[in-house]
Amino acid sequence: MTTDLAAAALGVPLHDPVDLGGSARSTVLRCRVADGDARGRTVVVKRFRDDDGAYLHETTGLALLDRTPDLLATDAEHRLLVMADLGDLPTLADLLLGEDRDAAWSGALTWARELGSLVGRSRGRVPEARHRLAGAEPWDARAEVRAGARRLVEVAAPGVDGGRLEAEVGTLEILFEPTVHDVVTPTDTCPDNALVGPDGWFFLDLEGTDVQHPALTAAYTMLPFATCWCVFDPPPDLTDRLFAELSAGLAPYAPELVSGASWRTEVLRASGAYVLLSSGWLMDGALAGRSAVGPAGRSPSHRQLLASRWRWAALHLRETLPGLADACGAAARWAAQTWGADAETTGYRAFAS
């Protein structure tokens, strides 16, 4: 059925579908194009199961962001799209979890610079993106940040000054309001959503594409990898270098932002917002002792990931968000006492030596 719909949208027969895994919300197939078609031997078909806005966000990202697969055909009625097949290229997650230190280090740095350039080049497309996404249900980030703060205090840091934390949460909500600096971003810019080939990085899985302040994208280099499963302890200096590379990629398109004294502070605040979001998203799984957040054997447990976020915030947000830093410090101590070794983390395999 999905292959037939894709063939009708593309206008050529497709056969030999291979399931590429997808997620709970979509089916992703690699299909062979009938011989003689100039658009290539294979294409990737993605069909969304639910009408939750993901199709609209994905097609917006593919249409407006470069360094993404070419969008070849769409079927809005069936929430289906056909895109160019980039092939079986390694992801940044593959590099970080591999054995080649140099490839992982250089790959991470070039990924960060390309990500900064990607969102920087999108600034002129912000009005069109807002127009395309006008019919999608907006993400209530403010409510989720506040919910994460409540869970953090209620479960792991009940003795902290809730008033000071609440005031800081109010300042974080500003990050999700429209500004003159906004960019179009995939939002979910995790290591497993970026492929590297001979001509550089390409970005996949754009179902979260939205218009946001670029600090929310830059947080993926500083935190690091704000919403990803591929989170282990980075080696010294890596996140500083990643942030510098992303800023350098963004600078030609937003010099007034990147050169400003508040740029680093804005990214630290965005990172704090993601720590609170993670505290809401991961808490139930951590309390239940769920194992891998992502693929088994390649990702930390819910407890490891959440505890690492709390430790990071306690160390890095003391000046920018002292209330959140105190709460996360208390939460990290609680996690160590309550979960013990289950809260301990390790480094990336590529940097183990």
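These legends go with several views of one predicted model.

View 1. Helices (H or I, at least four residues) and strands (E, at least two) are DSSP runs, numbered from the N terminus. The C-alpha atoms fill a box of roughly 65 × 40 × 40 Å along the principal axes. Of the 353 residues, 52% count as buried. Buried means under 20% relative accessible area, with a 1.4 Å probe and protein chains only.

**View 2. The ring pair of Phe 48 and Tyr 55.** The chain has 10 aromatic pairs. Rings of Phe, Tyr and Trp (its six-membered ring) pair if their centres lie within 6.5 Å; planes under 30 degrees apart count as stacked, over 60 as edge-to-face and the rest as tilted. Phe 48 and Tyr 55 have ring centres 6.5 Å apart and planes at 75°, so they sit edge-to-face. Phe 48 is buried because its relative accessibility is 2%. Tyr 55, at 12%, is buried too.

**View 3. The ring pair of Trp 111 and Phe 225.** Their centres lie 5.6 Å apart with planes at 65°, so this pair is edge-to-face. The pair links distant parts of the chain, 114 residues apart. Trp 111 is in helix α4 (residues 101–121). Phe 225 is in the loop between α8 (214–222) and α9 (238–250). Both Trp 111 and Phe 225 are buried.

**View 4. One aromatic cluster.** Trp 111 and Phe 225 form this cluster with Phe 232 and Tyr 348.

**Notes.** Residues are numbered from 1 along each chain as its sequence is written, and side-chain values use heavy atoms, without hydrogens and water. Local features need pLDDT of at least 70, side-chain atom pairs count only at pLDDT 80 or more, and totals for chains, interfaces and linings use all residues.

Definitions and conventions
Buried < 20%, exposed > 50% of the residue type's maximum accessible area, 1.4 Å probe, protein only.
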